[in-house]
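Hi everyone, thanks for coming.

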Amino acid sequence: MENSVPDIVLFLGRFHPLVVHLPIGFLFFAFFLEVFSRWKKNPVLTSGIPLALFLGALSGTVACILGYMLSLSGDYEEGALDTHFWFGMATTAIAFLAWFIRIEKIKIASLNKLQPNIAALTLLVILLSVTGHYGGNLTHGSDYLVKYMPFGGDEKKELVAVTKVEDAEVFGHLVEPILQNKCASCHNSSKKKGGLSIADSVSILAGGKNGEILIPGNATNSEILKRVLLDPHDDNFMPPEGKTPLTEAEIAILTYWIENAKAGFSTKVATVETNETITGIASTMLGLTSTSSEGGEIEIPKVALVADDAIIGLQAEGFRLRELAFESGLYEAVLAPNSNANGTSKRMSEKLEKLLSIKENILWLSLEDNQIGDEHIALIAQFPNIQKLKLNNNPLSDDAVTRLIKLENLTSVNLFGTKISSKSIPAFSEMKNLKYAYVWKTNIKKEDLEKQSIDDFPKIIIE
């Protein structure tokens with residue numbers, strides 16, 4: 001339908017959300033003037049009521065016209081749209097009636113005992129509230145107002161709580177919260193931008209005006225993923241400008257659902273091929289623990305959010321920070337290779353000391369090929385929650401590995417291209433949660449591992 005409507009009409013219609021607040025303000029102001037003048041017994045206060053009513057009725061008329069233009073886009077559920085529209089029309093009509101009564105152009109002697117001025121204003125407030133409620137339903141969904149009501153309403157379907165990632169439903173526990181947080185405001189049962197609703201599995205599978213949005217097993221060609229991977233300045237980028245884009249972690253989960261879980265709506269993580277990265281992201285999203293290869297558990301830390309100015313300051317130092325899950329406060333920190341190529345050991349220490357200001361928030365840290373020496377490991381060992389650490393292609397010795405034992409949550413360390421030797425093997429065995437140690441292109445040889453029990457050292461990967 002949108003394609004058959006002139007662009008100028010749709011352009012003007014999009015001013016409806018802006019203009020619609022004017023009649024709300026004017027008419028509520030008129031009501032409060034009436035109430036306050038009666039309370040204070042000061043009739044002078046009523047002098048502004050006629051102007052407020054006239055401006056409210058006039059701006060209400062403009063809002064109705066623009067609202068009708070916006071409705072021509074065809075992005076809204078017809079029943080809810082009609083209800084909102086006719087309540088808006090009624091509100092505008094009553095506003096004009098109240099104005100005529102106030103300026104005495106309409107005199108109804110039989111209603112004098114009912115005090116028509118305050119009666120009309122009270123009716124306006126009720127109509128404004130109902131109209132606004134239905135307008136909110138169109139924008140945010142029919143349950144927006146009562147979704148978190150502590151009593152009454154429909155019983156919400158609750159997912160079974162899980163204690164480990166494997167028991168989680170890929171869609172219900174991981175994907176749906178992302179869609180509800182980032183997509184539902186424009187794609188719900190009442191407001192269907194592009195003809196798409198994500199209210200339930202049937203709606204998602206039905207797709208939108210341009211067809212299906214999912215190709216099970218083929219994330220690359222699935223429209224839902226293609227839109228979030230576009231250049232943010234592209235007109236088709238989702239979510240649109242002004243709304244919070246998906247994080248890399250959320251995109252990874254969406255890709256995992258389509259590619260690995262075949263876009264299933266009841267598939268569990270245990271039945272799907274799941275790599276270490278997805279397991280870590282899912283654990284963070286669910287607030288669970290990550291199970292180590294030794295059978296122990298690593299608690300997903302609860303941390304405070306990082307202030308924007310702190311992020312900006314660290315970016316100025318060359319660090320790229322990526323939040324691993326929305327509003328988790330947990331980050332991957334990456335210092336691009338050769339960021340300290342012309343610097344000194346002291347300069348690298350200064351960078352790490354500044355990163356220590358958010359040490360509890362760093363879950364993954366990458367410092368590859370940055371002239372990291374043994375003297376810097378004492379600083380790195382102060383990051384208590386690090387699980388993945390990349391130190392490859394740095395001039396590190398066995399002494400550095402010994403110092404890393406302090407990182408009790410470390411599950412993966414990349415040390416290839418360093419100067420470590422077989423002397424580091426016992427240190428790896430003391431890292432109780434370590435799953436993988438990547439040590440190819442070092443002085444550790446296959447024969448060094450053959451001298452050890454494979455049960456004691458299953459983590460060391462040399463090629």
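Let's start with a pair of helices: α7 and α11 are roughly perpendicular to each other, a word I use for angles of 65 to 115 degrees, with under 35 as roughly parallel, over 145 as roughly antiparallel and the rest as oblique. Their packing angle is about 70°, and the axes lie 10 Å apart. The helices here are residues 170-182 for α7 and 276-286 for α11. Axes are lines fitted to C-alpha atoms, for helices over the stretch in contact, and the angles run from 0 to 180 degrees between N-to-C directions. Helices (H or I, at least four residues) and strands (E, at least two) are DSSP runs, numbered from the N terminus.

Which residues of α7 and α11 make the contact? On α7 they are H173, L174 and I178, and on α11 they are A282, M285 and L286; contact means heavy atoms within 4.5 Å. By class, that gives 5 nonpolar, 1 polar and no charged residues. Here Ala, Val, Leu, Ile, Met, Phe, Trp, Tyr, Cys and Pro count as nonpolar, Asp, Glu, Lys and Arg as charged, and the others, Gly among them, as polar.

A quick word on what you are looking at. This is a predicted model, where local features need pLDDT of at least 70 and side-chain atom pairs count only at pLDDT 80 or more, while totals for chains, interfaces and linings use all residues. Residues are numbered from 1 along each chain as its sequence is written, and side-chain values use heavy atoms, with hydrogens and water left out.

As for the overall picture, the protein chain has 17 helices and 9 strands. Of its 463 residues, 44% are buried, meaning under 20% relative accessible area, with exposed over 50% and partly exposed in between (1.4 Å probe, protein chains only).

Now please look at strand β5, residues 362-366, where 5 of 5 residues are buried. On one side, β4 (residues 331-335) runs parallel to β5, joined by 4 bridges; two strands pair if DSSP finds at least two bridges between them. Y331 stands opposite I362 there. β5 also pairs with β6 (residues 388-390), again in the parallel sense, over 3 bridges, and W364 has K388 as its bridge partner in β6. From β5 the chain crosses through helix α14 (residues 374-380) to β6, a right-handed β-α-β crossover: with the strands pointing away from the viewer, the path from the first strand over the helix to the second runs clockwise.

Leaving aside residues up to four places away in sequence, its contacts include P301, V303, E360 and I362.

Finally, some backbone geometry. Most residues other than glycine have a negative phi, and most peptide bonds are trans. Q371, in the loop between β5 and α14, has a positive phi near 60° and is partly exposed at 47% relative accessibility. E104 has a positive phi of about 65°; this residue lies in the loop between α5 and α6 and is exposed, at 54%. The peptide bond from M238 to P239 is cis, with omega near -5°, and P239 is in the loop between α9 and α10.
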